[in-house]
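Open the model in your viewer and keep the selection tool ready. Each stop below says what to select and what is there.

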Amino acid sequence: MPRSINEIHDKILADIANNAFLTDLNSTSAVAIFRLIAYIVAVSIHMLELMFYQHKSEVSELLYNQKSGRLPWYRYMALKFQYGFDLLPDSDEFDNTGATTTEIESSKIIKYAAVNEGDQQGVIVVKIAGESNGVLAPITAQEQTSVEAYFEEIKYAGSRINIINFLPDQLYLTIQIFRDPLVLDSNGNSILNGGRPVETAINEFMKELPFDGELILQSLVDKLQVIEGVKIVNLLEVKSSWIENGSYGTPSLITVKRIPESGYFEIVNFSNITYVV
């Protein structure tokens, strides 16, 4: 970690105090010229250490992701996939000859990816999602076929890749909000500012969840509990359902936490949120 400005500043002043040729620089005034110069130098050194630290972190992350055969490597390769481009012979790199930067970036249709080991030995589960109108969405069947062919080309011998490209897990929320009637009306509208702050906060919470991240019900309660006008959050029931055999299955109860099968959730509606006094 880079040192703080104060740490560096104190070190410079200590070195000055211990230098026999700088004994005249002994003022304790905070605005003494040599102290101010030392502070400027400390700020500069601090900024330089920050840049070195950031560079080291980025290089370390890059090396970790590029270590072939590890799970992070498969995620790294998923995000590198380019739809419509062929691989160079005997390589896991795409042939971008003659392509513009815009064409290359547009071809990277996988925007989110997570990789885990499957239940069976040698199976690697790759969850992916693209974007549609700024929200997470599955890629098309044709695109998925290309992704599967890509992983067949680059995967390590003995590995079997299971691509998960599902519609989002559906999330059903039944919540009772004990409201402050001075702040929220019976429909959950903010009396002063309009809008429905509880629904806004829930949408924010869902966006804050990382792809393939764990939905923790207590964290949702914590998010809602701080909204002005919300006194008590009573989670009556939370359920989710995911794609099974081509269609959504029966919603199952979430008691504490859940990782979405598809990698992400979609709230079905807010009609089961009630506001009481």
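Contact here means heavy atoms within 4.5 Å. Helices (H or I, at least four residues) and strands (E, at least two) are DSSP runs, numbered from the N terminus. This is a predicted model, in which local features need pLDDT of at least 70, side-chain atom pairs count only at pLDDT 80 or more, and totals for chains, interfaces and linings use all residues. Residues are numbered from 1 along each chain as its sequence is written, and side-chain values use heavy atoms, with hydrogens and water left out.

**Stop 1: helix H7**

Select H7 (217–225). Which of its residues are buried? Buried means under 20% relative accessible area, exposed over 50%, and partly exposed in between (1.4 Å probe, protein chains only). In H7, the buried residues are Leu217, Leu220, Val221 and Leu224. They sit on the same side of H7, because they cover an arc of only 100° around the axis. That arc is taken from the directions from the helix axis to the C-beta atoms. An α-helix has 3.6 residues a turn, so residues three or four places apart point the same way.

Now show what lies over these residues. The cover includes S5, H6, strand S6 (215–216) and S7.

Pick leucine 220 in helix H7. Leucine 220 is buried, at a relative accessible area of 3%. Residues up to four places away in sequence aside, leucine 220 touches Leu173, Ile202, Phe205 and Leu235. Draw a C-alpha distance from leucine 220 to leucine 173: it comes to 11 Å, for residues 47 apart along the chain.

Move to leucine 224. Beyond its neighbours within four places in sequence, leucine 224 is in contact with Ile175, Val198, Ala201, Ile202, Val230 and Val233.

**Stop 2: the nonpolar cores**

A nonpolar core is a set of buried Ala, Val, Leu, Ile, Met, Phe, Trp, Tyr and Cys residues joined through side-chain atoms within 4.5 Å. The largest one has 26 residues, and Leu171, Ile202 and Leu224 touch the most other members. Colour the elements that give two or more residues to this core: strand S5 (169–179), helix H6 (197–208), helix H7 (217–225), strand S7 (230–241), strand S12 (265–267) and strand S13 (273–276). H6 provides the largest share, five residues.

Then jump to a second, separate core. This one has 21 residues, among them Tyr74, Met77, Leu87 and Ile128.

**Stop 3: salt bridges**

A salt bridge is a side-chain nitrogen of Lys or Arg within 4 Å of a carboxyl oxygen of Asp or Glu. How many are there by this rule? The count is 11.

Select glutamate 93 and lysine 80. Their side chains meet in a salt bridge at 3.1 Å, N to O. Glutamate 93 is in the loop between H3 and H4 and lysine 80 is in helix H3, so the pair ties together parts 13 residues apart in sequence. Glutamate 93 is partly exposed, at 38% relative accessibility.

Return to H7 for lysine 223. Its salt bridge is with glutamate 204, with 3.4 Å between the closest N and O atoms. This pair links distant parts of the chain, as lysine 223 is in helix H7 and glutamate 204 in helix H6, 19 residues apart. Glutamate 204 is partly exposed, with a relative accessible area of 38%.

Next, select glutamate 237 and lysine 239. Here the closest N and O atoms of the salt bridge are 3.9 Å apart. Glutamate 237 is partly exposed at 34% relative accessibility, and lysine 239 is partly exposed at 27%. Elsewhere, salt bridges that share partners join Glu204, Glu208 and Lys223 into one network.

**Stop 4: positive phi**

Most residues other than glycine have a negative phi. Select aspartate 90, in the loop between helix H3 (71–80) and helix H4 (101–107). Aspartate 90 has a positive phi of about 55°. Aspartate 90 is exposed, with a relative accessible area of 86%.

Go on to asparagine 245, in the loop between strand S8 (243–244) and strand S9 (247–248). Its phi is also positive, near 55°. Asparagine 245 counts as exposed, at 85% relative accessibility.

**Last stop: valine 31**

Valine 31 is in the loop between helix H1 (5–17) and helix H2 (33–66). Is valine 31 buried or exposed? Valine 31 is exposed, with a relative accessible area of 60%.
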